[in-house]
Amino acid sequence: MGIRRPAISTAVAAALIGSFGVPIVAGTASAEDGAATVREDFDGDGYQDVAVSAPGAKIGGHAWAGYITISYGSANGVDSARTTVITQDTPDVPGASGDNQVFGSAMISRDLDGDGLTDLAVVARDHRPENNVNGSVIVLWGRKTGISGEGAVRIDAPANAQVGDDLTAGDFDSDGHTDLFMRNGEDYDYHDVLYGPFSRDGVPARERQVQVYSTDNTINSTAAGDFNGDGIEDLATFYVYENHAEGGKLWLGTKDGLSTVPQRLNSSSSTAVADFDQDGYADLATRIFPNGDTEGTEEDPGTVKIYYGSPSGPSQTRTQTITQSTAGVPGASEKGDQFGGRLSAGDANGDGYPDLAVGVPGEAIGSKAKAGAVVLLKGAKGGLTGTSAQAFHQDTADVPGVAESGDVFGGSARLLDVTGDGKADLAAGAPGENLDAVVNGGAVWLLRGAASGLTASKSVAQNPQDLGAPAAKALFGANLSGDNGPGTLIP
């Protein structure tokens with residue numbers, strides 16, 4: 001069977017297609033439930049760090065080569081002076097920058113070797129003629145001095161393989177080590193589960209295949225979390241075919257690893273996972289496809305649906321639907337807003353209940369179409385609610401910059417405790433941000449967590465020009481490590 005590229009995804013994909021004229025491939029998720037807190041701390045100093053992709057960047061004359069940056073957290077937030085830029089030309093990073101490599105097309109931050117430091121797995125769409133492999137997952141190892149190319153490795157792949165599609169992390173056998181799910185072979189119907197710990201040569205402790213396809217469709221999104229509360233993370237995969245959403249599958253985790261016989265789930269575009277009501281079950285937040293149609297999502301106002309966890313997994317009866325027409329949610333549900341284009345969970349106000357950051361990349365700010373925004377929904381004992389929800393965009397007081405048409409603020413979003421105060425901060429990307437005469441250079445903002453939720457006070461922005469990195473058409477901020485939704489812009 002020939003290689004099938006993932007279908008063009010939803011939400012931000014549609015917004016960015018409208019802005020840039022290029023499609024996007026779906027990214028991936030990492031678990032963020034209470035049982036498995038992800039510490040994105042690459043240097044082990046106790047502050048979470050932010051990894052950003054600039055997939056459109058030209059490197060050494062190569063279009064769409066891509067690069068990533070890592071900004072280290074501190075009590076004062078992130079600082080451009082403590083930001084590292086890494087490409088495939090960085091010493092010791094496998095491969096070399098090339099046309100359409102798209103280094104950083106997806107990223108996962110987890111401790112892969114069990115040394116207590118977070119590592120970064122980076123997907124690149126490269127071709128290795130020596131064994132006809134398409135794609136790489138490159139591991140950059142966490143170090144006390146911070147991530148560099150030192151010791152970086154490719155995860156091994158068999159000949160003629162397609163590698164890195166649908167990369168997702170979780171502890172699917174509950175042995176305390178991170179496992180990776182991804183495509184890593186020639187047979188399209190199967191994906192691999194690579195069980196940790198990984199050696200410094202990039203070799204997993206063991207490997208197992210799962211038949212993820214039974215019909216001619218593609219995975220558009222994934223999610224991992226302990227949905228049935230048994231202490232083992234589960235995996236959800238979601239499918240599309242042409243212009244139709246094709247439902248999802250739940251692969252329960254067991255002591256032996258992922259089950260091979262899935263349960264059925266409803267369709268989902270973007271996802272986030274957290275125990276929003278703190279009842280011991282991870283909940284699944286999704287953006288739904290309008291009428292099950294994957295085309296025309298650029299016109300969709302956007303709807304977020306939460307499936308609360310239960311002993312049998314995401315409940316089909318205890319659900320919640322939230323739009324910008326829900327009481328307490330700022331704004332209005334309007335054509336093209338794409339509410340839910342990106343989703344990320346974290347406790348922004350420090351009350352013990354995870355909150356949900358909702359990207360609204362198509363939101364018009366005044367007359368500025370697709371300027372974009374992010375809405376924060378608060379978690380509580382009864383689950384997520386519109387009560388006291390907050391909205392932020394570039395025209396919000398104290399947020400640097402000015403909202404402009406096509407910025408697509410909220411085109412990426414992560415809640416991470418960068419300042420180490422017990423409250424998650426919001427990293428939000430605007431990959432369409434113009435920098436002086438630079439087209440679509442992109443930028444990322446950091447808004448601090450506070451007792452009220454998020455605050456624009458002391459918020460900062462970072463862009464490629466600040467870092468001395470390639471800026472023209474870089475789309476800096478199109479993808480943040482672990483945020484789940486359309487991740488990589490593919491020419």
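**Salt bridges**

I started with Arg-82, which is partly exposed at 36% relative accessibility (buried is under 20% relative accessible area, exposed over 50%, partly exposed in between, with a 1.4 Å probe and protein chains only). I was working on a predicted model, where local features need pLDDT of at least 70, side-chain atom pairs count only at pLDDT 80 or more, and totals for chains, interfaces and linings use all residues. Residues are numbered from 1 along each chain as its sequence is written, and side-chain values use heavy atoms, with hydrogens and water left out.

What does Arg-82 form a salt bridge with? I found Asp-43, with the closest N and O atoms 3.3 Å apart (a salt bridge is a side-chain nitrogen of Lys or Arg within 4 Å of a carboxyl oxygen of Asp or Glu). Asp-43 sits in the loop between β1 and β2, Arg-82 in the loop between β3 (67-71) and β4 (83-86), 39 residues apart. Strands here are DSSP runs of E, at least two residues, numbered from the N terminus. Asp-43 is buried at 7%.

Next I looked up Glu-40, whose side chain meets that of Arg-414 in a salt bridge at 2.8 Å, N to O. The two are 374 residues apart, Glu-40 in the loop between β1 (24-26) and β2 and Arg-414 in strand β29. Glu-40 is buried at 1%, and Arg-414 is buried at 2%.

I also checked Lys-335 with Glu-299, a salt bridge at 3.3 Å. Lys-335 is exposed at 65%, while Glu-299 is partly exposed at 39%. My count came to 13 salt bridges, and Asp-113, Asp-115 and Arg-200 are linked in a network of them.

**Ser-412**

I stayed on strand β29 (residues 412-416) for Ser-412. Is Ser-412 buried or exposed? It counts as buried, because its relative accessibility is 0%. Its side chain reaches the backbone oxygen of Gly-477 at 2.6 Å.

**Largest cavity**

Ala-427 turned up again in the lining of the largest cavity, along with Val-50, Trp-445 and Gln-462, among others. Lining residues have an atom within 4 Å of a cavity point, and a cavity is a set of points on a 1 Å grid over the protein atoms alone where a 1.4 Å probe fits but cannot get out. Strand β31 gives the largest share of that lining, three residues.

Notes
Helices (H or I, at least four residues) and strands (E, at least two) are DSSP runs, numbered from the N terminus. A polar contact is a pair of N or O atoms within 3.5 Å; within protein, one must be able to donate a hydrogen and the other to accept it, and residues adjacent in sequence count only if both atoms are side-chain atoms. On a 1 Å grid over the protein atoms alone, a cavity is a set of points where a 1.4 Å probe fits but cannot get out, and a pocket is an open set with protein on both sides within 12 Å along at least five of seven lines; lining residues have an atom within 4 Å of a point.
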